[in-house]
Every structure is written in C-alpha cells, then in structure tokens.
Amino acid sequence: MFQSGSAPNTNIKPVESETDRATPFDKNNFSFCLASERYLTANNMASKPTTAKQETNKNGNGSSSSTEELASTPQPRIPSLVKLCNYCGLKGYLRCTQCKQTYYCSVTCQRADWKVHRHLCKPATQGNNSSENPVTPVGCRHKDSELKISPSQQKRVYLSDLQKMDVRKGSKVQACVMEFKDPGNFFIQIQTVEIMESLRKVTLDLQNTYANSGNHTPYLPEKGEVCAAKYSQDQNWYRCLVWSLDPTIKTANVFYIDFGNEEEVNLGSIKPLSVNIDPIAPCALQCQVAAVAAPFNVWSEECCIAVKRLLPMKSSLVTVVDLLEDNTVFAVDFTLTAIGKQLGEFLLEQGYAVEPNDGKNSPREQDINCILNAALENFKKAGGKNGTGEMPLPEPLTLCVGDTFPAVVTHVESPEEFIFQKLDNMSAIQELQVSLREHCMQTAASEDFRPAPGAVCCSQFTEDNQWYRAVVRGYSSEDRVCVGYIDYGNSEDLEVNRLRPADAALLKLPMQAIPCALAGIKPVSEVWDSEAVQLMKTIVSNKFLKAKIIGKKDIKALVELADECSDPQTNVAHMMVEMGYALSEEKMETKTDVTSDTQDSIGAVPPVEKLEWTSAELPNNRTVDVVVTVTNSPREFYCQLYNVEDLHRLSELSADLSRYCPTANATFTPVVAEPCCAIFPGDGAWYRGMVQDVSPNGKAVVFFGDYGNTSEVAVDKLCPILPKYLKLPFQAVKCWLAGDERMPREWTKDASRRFQQLTAAVQLQAKVLCTSERGSGIELLRDGQSIGDILTAEEMSICKTTTVSAPPVTTAAPIPEPRGGFPKDWKTVVLPTSDTFQLHIAVVRSPSLFYALTADQPVEVDKLRALMMDLADHCNKQDPNCGLKPEAGAACCAQFSGDKNWYRAIVLEATDSEATVVYADYGNTEKVPFSRILPITRKHLELPFHTIQCRLSGLELLPEEWPSSAMKVFESLLGGKVLASVRESEGNTHTVDLTSCTESREVNVTWMMLTYFRSEQKEAKSDVCEPNTQVEEMPKPRSSSVALEFQPTRENKCCCLDLKEKIDKIEELLLMLVNKFVDVQRNS
C-alpha cells in the first residue's frame, strides 16, 4: 500500500497498558450516555496534532509535566456537573495536569487513552491557570539528575521555524499516499522534482551530520520541537516532530514530518536539529477526504481496509479542494485507479461515509454535559428504577464443557470476543420474534417511557424494523438512546420512541447470545489487528458452523469452530494460524520459553510472520550459469540462476502448492503489489505470483515471479499464499542484453526471433555489466561466444544490405511453401534392441497398437524448441478451415487447447467433426476439432517423434478379439512401472516384450494375459461330472501351427478324475494370483 525505500514506515506503536473491558452482558450497571462519550472520543480522534510550546515548570528546566500524569483536584463541594472518565465513561475526578481539561477515573484509563488524547492535549495557558490552585502531579516523576541539558545546546527548532509548503486551494499536485490511517487522517507526499531533490539533499545531510554521533549525553527535547531521530527499521536519520516524551523511561513518541508515520524511540536516538540542515517545509501533508464525513464520527474498520486495498501504489494526481485548520490540514480527493472512481464518490456509494452537515447539528461539549446532567436527574427522580418494574435480565444459556452443537455467528468484535447462537434454539427464537411483534404492535409509544440504563425492553431495529429484546446502555441526547440486543450481541443508537416495555412472558427465554472466544490462538501482537478481525468475519459470516465448548475464560466460553460444509473441513482457528493472522498458544508458549531471558529485560514480543518476500539477483562482476525462461526481446527477458539447490527447492515448492492451493478454502481478494497463488492458464498448475492489476471484470493481471510470465487470471483461480511459501526468493530475474556499443536501440522482429532461438532451453553464461530500472544489463555467452556479438553482426549486415543503393532488379515471384499433408511414414526415436528400458504408456488402443514414451531416451531440447517455433510460424500462416480430414495413424499439426500453441501430433481416430490425437513429442491426448488441425510438412518430420508406436509380443498365442474385460486387465497391467525390450521393428511399429513391475514382484504381461484367458476358458466350460460333456468352443489363435497347452477341443472327456482335480486346483491358484495382481495395479 505504501512505497518502500527511503520512507520510514513502522508497525511499532506506543505500548498501551491492558485494561479490563466489560463485555455487553457482564453487569447490569451500564454507564450513562455512553454514545455521547463515544461521540466526544471520536471528536478527539479526529483532531489533528498541533504544535504547542511547553510551559516552564517550577524547576525552570524547560520540560513540561508529563501528559500522562494526573492530579487529584480537591473540591470543597460537589460539582455542579458530573465529571466522567474520558476513556470508560464512569465517574472520574482525576484531571490531566497538562491541559487541565480532561478527567479520568484512574491512571490506568488515562494511560490507555493517551494514544488519542495526546493529539488534543495542549498545555494550559497562564490565563486559564491563574484561578487554579497549583496541584501536585500524581504518577510518573523523575529526578533532575537523570537527564540534563548541555549548556552549549543550540537553539531549538519548531515547525514555525521551517518553510511553508505553497499549496493553494483548487490546485492539482502529483502526490503519493505515504501513511493511511482512515479517510479523515492520512498523509501524502508531493512528488515534484524540486521537492524530491530537496528531500534527498536533506536526508543526505542528516546522515552525514549524525551518522558518527555518539550517545554520550542523552538529549531532552521539548514537546513540539523538530529534531533528528534514528528510524528503528533502517537506522537512518530523519526529521521528526516530538509529540510526547516520558523522561522516566527515556522514550519519546515522534512523528516523521517528511513521511507521515510515527514511532516510539529512545531519547538516545534523538538529536537537536543542526543549523546546517536546510529548513525545507515538511514533505508529509496531513489530509482528509473532501466533502465526506464519518457516520457517527467514527470510520469503520471495514472502510479503512477497503480503502487501503484500493489506494494507488504510484503517485497520482491529487486535487486540493480546501484548506482546513489554519492551512495545516488539506481536504483532497483523487482517483482510485483500480476502480476508476474518486475516493469520496466510492465512500458515499459503499455507505462508508455521509455528506457533512457543516457542524450545524453537531452538539458541543457543553450541550452534552447538560444532557448528562438531565439524564442523571431523570434517573434520580425515578429512584433508579426502570419502566418495566425492575424486570431482571433473562438467565444466560447453560453450557457444559464438551458440548457440541451447530451454531451461527451473529456478531464479531475479535477472535477473543464474538457472539453466536445455537441452531437448536432457532424455533424458540422464531416464536419469540412472533410474540415480540404482537406485543409491541399492541403497545403504543409513550413519552413517559424512558428506561434507565441496565433495564430490559423491546427495541425496534433500524435496519429491518423488527422487534428484539434489548438492554439500555445509555442516552446520547434527550430523544436518542443506545441499546444492546441481548439475543444477537450487536448494539445501535436509535430514537427513544422505538422502545417498548417488555413483560415477564417475553423474558422467560434465556438470552440467546453466547459470548465466546476462539480457543488455542492468540494475536500475533498485543491486540488483534483489523486484518485478523476482517478475516474471521469473512470465514464465519453466513455459515452454519460446528461449535465445541473447550473451557471458560472469564464469562466467555472457549470454543472451537469448524465449517463441516467445506471440503476439506475447515477449523477457523487453524486457518487463521496458517494464514499468519494468529499464533497458536503452544507456539506462543514455546517462543516465550526460548526467549524468556531477553523478554524479561526488554519486554519483547515474539516476531510476527508477515507476508515478506525477496527476489533473486545476479551477482556483480562474476560469470554465472543461467537459463532464459521468458523472452520478449533482447531489451527485456527473464532468466533463472542455474543453481541446482534452488531449482530443487522450487520443484518441491511447486509440489507443495499443488497440494495446498486446491484445498485452500478462504475468500481471496487480490491486492495490487501483493503476492498470491495463481493458476497459470498454459498448463493449469499452481504457481507463485504477484498481482499487478485488478480489472472490474473479475480478473487480475498476475506476474509469475519464478519464471517471468504475465497472464490475466480469473479471481476464482487465485488463492492466498502462506508466509512459508515466500521464504524462497522469486527466481525470475529481469534482464536486458548489454555489452556491445554497436547494438541498436531497437531490435527488429527477426533479431528478437533469432535471440529466442539462441537462448531457448540451453544453459548459458551471464555476467552483470550494469543495473538500471529496466533490470540487470548482462552479457550472455553461448559456448564461449557472445550472443550480443552474434546478433549485432547479423543485424549490421542486414542494415548494410538495406542501406546500399543499387539499381532495381527484376525478381521472380516467391514460391509459396507447400502446405504439406497427413503422411503415415513418420519416424520415431531409435530404440535399443538388446537393452531393457522403462516405458511410459501414453494411450492404449489395443494389444497390437499402443503408444508410449521412453524414460531413458535423451531429448534434444534446443532442436525441439526451434522446431516448435518454426512450426508455429508455419501454422499461423495457414488457413485453418482447410476442410481436410486426416486418417488414423497419420501425422498432423494440432493446436493444443491449453496454451493455443501448435504441436506435432498423431491421429488415433477421426469422426465427422473432430479427431482424437496424441501429441507426438509429449504423449498426452485430447479431442481436437478439424478447425484446429493442419497438414504437416516434410521438414517438420525430420526430427523423430518421441512417442513410439508399439505392439505386444506373443500375440499369436492369444485370441484375435479381446473382450472389454480383457482390455481392462491389460490396461491395468500397463498402469504402473513397465519395463520393455524390443523384439523387432517394422516401419513405425516396434514389437516389445513388456514386464509389469510392482513392489513385490515382476511378471511378464504376455504370460499374465495367457493365464487370464485360460481362467476365462475354464469358467466357460460346463460341469465335467459326466464324461461326454460338451464345451463351448473358444476363439482360436491366429496361427494354427502353434497350439495352446490344454487347448479345448470340440469334445473333452475326463479319463482321470484325480489329474483333473489337480489341474483345477492349479488353475484356481493361477486365477487367484491374476486377480490379486490386477487389484494391486488398480489400487496403485
């Protein structure tokens, strides 16, 4: 989403103290006006950081009081206004000692809220503090001797000392989004030539100034001061703005003013900004989307995730619509190139944003305080009782460890906090809905009905206008209330007139919302990030799941969730762990035990395995072996390092992907510049890829990073990739041909074709001469000769021939190349007549005709590749509608449906509209229409076919016609490992002896088929109890001169019953062995 390179970017966040969050149903004492407090908190979150100089404390050392300190404010009387904690909403009379405006109930809540409050917290002015009694800070303290300021310290630098960025309203600038938090708060960097050059110069000056600076005396900056800080990820120095600091632990939270991100750094990594650094304006501009506002003043996580995925990776044209907050925040809009819409338009269409009301109806803080007081007075007048006669909450459902039942998830906050319902109770829930609707339709709305927080009532949900049981959480205004639905777990803010009192009959059914947490997993960091929450929502939404109660955690049930409808079954927790969005508790404990010594001292967190990848590179100034994989032209091609170990790892990776990807059951949304697994259209196999573009038609442009191909792939042919599959660097290296100054800038098509012939399927030597944005400029050698020299010489000779002027001559018309035909006298590779070799059976037509490939025969890859290119050129020039029909056994050219390329083929059989062919050099078969079959020329038959035509030896001992059962036995014998030896060769046909091999034994195929027919002959006989029994005549062998042993005759008499019984037993044993062998072949 963000650019890589010099821009600092970090996932390190200030450490927050853990606080106890109350679940929706853990207590009845709900706080007043929680929705109003959320509104105020949201306003605080939307506030932008401003620069404020510190007030001098009593010691006069120039440092401000810690903004995380609290003062207990003594009051002689009860205040007229209720003071509520700015974080949890409970009563709080502890006040922030810096701004003296915000109240908390405890130091814990104040620390948890500091991440938001720091943007709003400003030191109170002297005028505002004149009437305040001095207070003693409570919490963090530090001694004056801990940090000292050097007497020779130079003048401090603030934002006001820097230049201002000249950006005017209505202007359009070329910029890139550097840091995106939400549509109301993100940072862009204007990328003009002047600004980028100034930033580059400042960055170099910072490195030169501070690279060798020691950490002798820690520097204590002021809040709002512009300093130099060392970024933790690349250890380089950048300009930063100090937002807050904690002298006790010697850390500060800084904002990098040129890149828009922030992090917490040690004071030893902060230095005063030198006067030698050019005071250019901050390059990171704080922005918000123009003409839109967040619903309820809070941007949803789904909105932020959706926008991040659509943000353009490169710089784009940004329109400055307005200047806000004293020209420090810019209201902008730009086009999302992935969907072709403006960002503001997209937010409004998707319902992520609303049109702003210009503050006309926005309540002020004083108004909300008055509302809080009014709600408190109403509650006191009611004596703390609700309008339902203090109806108690329904009892929760009783669950036992080990219970297993179908469930549906209704609400998800995180994997540690979600709600589901038992499907077994669906009928009871439906009956309850009918009763609620009948009750509420008969009960009129009353202005006097204002249930107190914690009371149970009936509420009309705003999305479907249906009635549900709810509990009141608080009032946001005189006519609006926040409720939580006790049977589903969600909540909303609605009008008071949508509430009705609930009678006792409606509260008999226990609460159907079951608070749960996934068992066995933990977040990869301290808290669950938005991507993990969104993934779980995607996995469990609108699905019937199998839930198993594992244990109990606080008031929540620890459960295992599994999707039994998927194939294979999906365990939600296991899927989140495998995709890198969660850690199993066992792995977490193991990592904690191994690194306990370091974690005890620095509080480290186990490393998170994110999607990180690298690409292979060619070494500089060293000749290495390479193989060219994809060739576009000599100016752009891809190659792989010919490293046996890496190629072996790539082969194993391909096998792992072929097993993992078909079973990956996760909805995948491709993100530009993110890796994935994709099916290559050419062969239908899974490979690693990188998404380059996403089109609205449901397809994505994928770059296959191990080979260099780029193809358009349907989204349903993509799946997420696991981090373990990215450990091997992408193997394809982008290159261009360099070396000879005489090389032309533009290569002709003939030169590109010649380059492809020289580099196809051969091992080459490469040496990197230079590197640019086009890739690596390399010199390629083939058999010690430079390919660049070969191309240059041929290209220059062509140029000389075309540039020399000569008188026109009369030339004869070119003779067209013959179209060819469908010959049957094609050649195959020569087989050894005295050796035994392994055969791979491709297709079986009959015992006298089957096709196979030899496993030990060497393949001349370069000749075959050149032949394929020439064959493609020939076929592409021909008319496909030739109307010719080839015969069985003839050679032809056929267009393979997988990659639309032309290959040599042999016709197996033909119908009126199509033919079944076997590809002569590969052995695979398919049915091809006549429109994709062309005649083949003689020159394309010079290279022998790698597919050979065979017949089984000893057929004279077997019947001429084989039934289907015999063919099945024959094919099963040839289904495994087969060894062959050539008896004789006649034309294209080779008569071979075949041996079928299993793990336990090797048998001759001819002998096995002979035994099979004998057993079939025995079953065809009639009972031999009487000596004159007639038996049916079996098919006779082709040669009458060769007689089968035990060959049946017209009349067979049993002269010795003992001998007959022995023969029968032997035949039964042989039949049992044959059947057993056939079963083994079929199972293997």
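Q: Which ring does the charged end of Lys422 sit over?
A: In this predicted model, the charged end of Lys422 is placed over the ring of Phe405, 4.8 Å from the ring's centre. There's another case to look up: Arg688 lies over the face of Phe730, with 4.6 Å to the ring centre.

Q: How do I read a pair of aromatic rings, and how many aromatic pairs does the structure hold?
A: You describe such a pair by the distance of the centres and the angle of the planes. Here you'll find 30 aromatic pairs. Take Phe680 and Phe704: their ring centres are 5.3 Å apart and their planes stand at 80°, so this pair is edge-to-face, the label for angles over 60 degrees.

Q: Where in the chain do Phe680 and Phe704 come from?
A: They link distant parts of the chain, 24 residues apart. Phe680 is in the loop between strand E31 (675–679) and strand E32 (686–694), while Phe704 is in the loop between strand E33 (699–703) and strand E34 (710–714). Phe704 is buried, at 2% relative accessible area.

Q: What is the geometry of the pair Tyr687 and Tyr707?
A: Tyr687 and Tyr707 are edge-to-face, with 5.6 Å centre to centre and 80° between the planes. This pair also joins distant parts of the chain: Tyr687 belongs to strand E32, Tyr707 to the loop between E33 and E34, 20 residues apart.

Q: Tyr707: buried or partly exposed?
A: Tyr707 counts as partly exposed, at 26% relative accessibility. Elsewhere, look for one aromatic cluster formed by Tyr231, Tyr238, Tyr256 and Phe259.

Q: How many disulfides does the structure hold?
A: A disulfide is a covalent bond between the sulfur atoms of two cysteines. This structure has 0 of them.

Q: Moving on to pockets, what lines the second largest pocket?
A: Its lining has 36 residues, and Thr629, Arg865, Asp899, Asn901 and Tyr903 lie nearest the centre. The pocket's volume is about 1,500 Å³. By class, the lining comprises 19 nonpolar, 11 polar and 6 charged residues.

Q: Which element gives the most to that lining?
A: H16 does, with 8 residues. Strand E29 (624–633), helix H14 (749–759), helix H16 (861–876) and strand E43 (902–910) each supply at least two.

Methods. Residues numbered from 1 in each chain as written. Predicted model: local features only at pLDDT ≥ 70, side-chain atom pairs only at ≥ 80, totals over all residues. Heavy atoms only, no water. Disulfide = S-S within 2.5 Å. 1 Å grid on protein atoms, 1.4 Å probe; cavity = no way out; pocket = protein on both sides within 12 Å on 5 of 7 lines; lining within 4 Å. Points joined across faces, edges and corners; volume = space filled by probe spheres on them. Helix = DSSP H or I, 4+ residues; strand = E, 2+ residues; numbered from the N terminus. Nonpolar A, V, L, I, M, F, W, Y, C, P; charged D, E, K, R; others polar. Phe/Tyr/Trp six-rings, centres within 6.5 Å; stacked < 30°, edge-to-face > 60°. Buried < 20%, exposed > 50% of the residue type's maximum accessible area, 1.4 Å probe, protein only. Lys NZ or Arg CZ within 6 Å of the ring centre and 35° of its normal.
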